[in-house]
Amino acid sequence: MRIYRAADYEDMSRKAANILSAQIILKPDSVLGLATGSTPIGIYRQLIDWYHKGDLDFKEVRTVNLDEYKGISSGNQQSYHYFMKENLFRHVNIDQSNTYLPDGLAKDSEKECSRFNEVIEQLGGIDIQLLGLGHNGHIGFNEPGDSFEKGTHCVTLTQSTIEANSRLFKEGEEVPREAYTMGIQSIMMARKIVLVVSGREKAEILKSAINGPVTPLVPASILQMHSDFNIVADKEAAALL
Ligand code: GLP
């Protein structure tokens, strides 16, 4: 486990973007495991900037996303499909057919989960997985529970996650209560992991995840067992480490 301490959000974004861009430069057809939420937005902005400067090429890059809401279409502005398009894909030369997310409108959830597991397998696994940290220690949408879930599965979101994510929805819009997420095994099988954390309100949970016991009650704590686990945290988030 390596901890990279950043001065602030901008610095955290640049440091994490450097790790991702090194991966793309060293292996142009890398499989990037991507995340949504507010934390990675600065990283995507930085990657777009380096792409415009000619330092990065996404032509052969493949991507898989951690999660997607269930019951909304990819065109819905709140979907993670839309988020990825707006925050990264449409700004760089990635081939959209090389970008994969679970389909929120799939009729058969179980089939959709197996399909997504197969996608990851057929791509040859994930080279580098970017992760944000939920306030309750979730990664992707793997919520605290009795055990670690393995592959892609469908989850009922906890009230705290629904509330945390409601800030991204317009007033009156309902936050979906269910989602698809990669499982803990899919995440742990990534060859490299980069967890990005920003802000004082994440300091406590980051400390439990990194220094506390490995437990499904804090899903991110399993990352301690990964052999190439990198944490990029700004000063406020790293304050208790
Ligand atoms: C959501 C996403 C997670 C993300 C988390 C934290 O629930 N499913 O993948 O890491 O929120 O988001 P933020 O970075 O906005 O705090």
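Tyr9, Ser13, Arg14, Ala16, Ala17, Asn18, Leu20 and Ser21 of α1 meet Ile41, Gly42, Ile43, Gln46, Leu47 and Trp50 of α2, where contact means heavy atoms within 4.5 Å and helices (H or I, at least four residues) and strands (E, at least two) are DSSP runs numbered from the N terminus. By type, the residues in this contact split into eight nonpolar, five polar and one charged; here Ala, Val, Leu, Ile, Met, Phe, Trp, Tyr, Cys and Pro count as nonpolar, Asp, Glu, Lys and Arg as charged, and the others, Gly among them, as polar. The model is a predicted one, in which local features need pLDDT of at least 70 and side-chain atom pairs count only at pLDDT 80 or more, while totals for chains, interfaces and linings use all residues. Residues are numbered from 1 along each chain as its sequence is written, and side-chain values use heavy atoms, with hydrogens and water left out.

As for geometry, α1 and α2 pack at an angle of about 60°, and their axes are 8 Å apart. Axes here are lines fitted to C-alpha atoms, for helices over the stretch in contact, and angles run from 0 to 180 degrees between N-to-C directions. The pair is therefore oblique, given that angles under 35 degrees count as roughly parallel, over 145 as roughly antiparallel, 65 to 115 as roughly perpendicular and the rest as oblique.

On the α2 side the residues are Ile41, Tyr44 and Ile48, and they meet Phe83, Met84 and Asn87 of α3. That contact holds five nonpolar residues, one polar and no charged.

Next come the cores. In soluble globular proteins, nonpolar side chains tend to be buried together. A nonpolar core is taken as a set of buried Ala, Val, Leu, Ile, Met, Phe, Trp, Tyr and Cys residues joined through side-chain atoms within 4.5 Å, with buried meaning under 20% relative accessible area, exposed over 50% and partly exposed in between (1.4 Å probe, protein chains only). The largest such core has 39 residues, and Leu47 and Tyr69 touch the most other members. Two or more residues each come from α1 (9-26), β2 (31-34), α2 (41-52), α3 (80-87), β6 (128-131) and β9 (193-197). The top contributor is α1, which gives six residues. Another core lies apart from this one; it has 32 residues, including Leu66, Leu131, Leu206 and Ala209. Back at Tyr69, its contacts beyond four places in sequence are Gln78, Tyr80, Gly104, Phe141, Leu157, Asn165, Phe169, Val175, Pro176, Glu178 and Ala179.

A few individual positions are worth a look. Ile24 sits in helix α1 and is buried, at 2% relative accessible area. Beyond four places in sequence, Ile24 contacts Ser30, Leu32, Leu56, Asp57, Phe58 and Val61. Of these, Phe58 is 34 residues away along the chain, with a C-alpha separation of 7.8 Å from Ile24.

Val31, in strand β2, is buried at 1% relative accessibility. Its C-alpha lies 6.9 Å from that of Ile128, although 97 residues separate Val31 and Ile128 in sequence. Ile128 is one of the residues that Val31 touches beyond four places away, along with Arg62, Val64, Leu123, Gly125, Ile126 and Asp127.

Pro102 falls between β5 (99-100) and α4 (109-122) and, at 1% relative accessibility, is buried. Lys70, 32 residues away along the chain, has its C-alpha 8.8 Å from that of Pro102. Gly212, in the loop between α7 (203-211) and β10 (229-234), counts as buried at 19% relative accessibility. With neighbours within four places set aside, Gly212 contacts Lys207 and Gln224; the C-alpha atoms of Gly212 and Gln224, twelve residues apart along the chain, are separated by 9.5 Å.
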